[in-house]
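Keep the 3D view open as you read.

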Amino acid sequence: MTDDLQPLAVWTFGLECNIPKDINEILVDGEVAECAYKTIRDVAVFTNKRLIVRDSQGITGKKIETYSLPYKSINMYSSENAGIIDLNAEIELWTRAGHIKISIAKGADVRKLDKLIASHIL
């Protein structure tokens, strides 16, 4: 695969979880958290304006890097449900910043995410 086709970021989302209360600290006026998914070390939150992915770092996890992807920067996306051999579903986003690939754990509802993204970018 050429470097042009390599994803800018690859994220793994687990099952849906409770929206963390501290996410409200970074939301802007009129922004509402809609759902959250467990990630390897923290959480991804879908709001009505953007996708926020937090990544705890370091041994203690006290250092947190936060990625913010406004829906308005998404040019195109695709979704793929899990199959018999490939157990994870996937969502791929083509954005102004580049290509982002999201692997969705078995048991998570990829169609819910598909509908959520569509409702905000169409």
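Arg 50 is buried, at a relative accessible area of 16%; here buried means under 20% relative accessible area, exposed means over 50%, and partly exposed is in between, with a 1.4 Å probe and protein chains only. Glu 31 is buried as well, at 8% relative accessibility. The side chains of these two residues, Arg 50 and Glu 31, meet in a salt bridge with an N to O distance of 2.7 Å. A salt bridge is a side-chain nitrogen of Lys or Arg within 4 Å of a carboxyl oxygen of Asp or Glu. This pair links distant parts of the chain, 19 residues apart: Arg 50 belongs to strand S4 (residues 50-57), while Glu 31 sits in the loop between S1 and strand S2 (33-39). Helices (H or I, at least four residues) and strands (E, at least two) are DSSP runs, numbered from the N terminus.

A word on where these values come from: this is a predicted model, in which local features need pLDDT of at least 70 and side-chain atom pairs count only at pLDDT 80 or more, while totals for chains, interfaces and linings use all residues. Residues are numbered from 1 along each chain as its sequence is written, and side-chain values use heavy atoms, with hydrogens and water left out.

How many salt bridges are there by this rule? The count comes to 6. One of them joins Lys 112 to Glu 16, with the closest N and O atoms 2.8 Å apart. Lys 112 lies in helix H1 (residues 110-121) and Glu 16 in strand S1 (residues 9-17), so this pair ties together parts that are 96 residues apart in sequence. Lys 112 is partly exposed at 35%, and Glu 16 is partly exposed at 43%.

Asp 114 is buried at 17%, whereas Arg 111 is partly exposed at 39%. Elsewhere, salt bridges that share partners join Asp 22, Asp 42 and Arg 54 into one network.

Now step back to the strands. An open sheet of 8 strands runs in the order S5-S4-S3-S2-S1-S8-S7-S6, with mixed pairing; two strands pair if DSSP finds at least two bridges between them. Strand S5 (63-70) and strand S6 (74-80) stand at the edges with a single partner strand each, so one side of each has no neighbour in the sheet. The twist averages 25° from one strand to the next; axes are lines fitted to C-alpha atoms, for helices over the stretch in contact, and angles run from 0 to 180 degrees between N-to-C directions.

Of its 5 residues, 5 are buried, so S3 is largely enclosed by the rest of the structure. Val 43, Val 45 and Thr 47 cover one side, with Ala 44 and Phe 46 on the other. S3 pairs with S2 in the antiparallel sense over 5 bridges, and Cys 35 stands opposite Phe 46. S3 also pairs with S4 in the antiparallel sense, over 4 bridges, where Val 43 has Arg 54 as its bridge partner.

By contrast, S1 and strand S8 (residues 99-104) pair in the parallel sense over 5 bridges. H1 packs on the sheet, touching S1, S2, S3, S6, strand S7 (89-95) and S8, where contact means heavy atoms within 4.5 Å.
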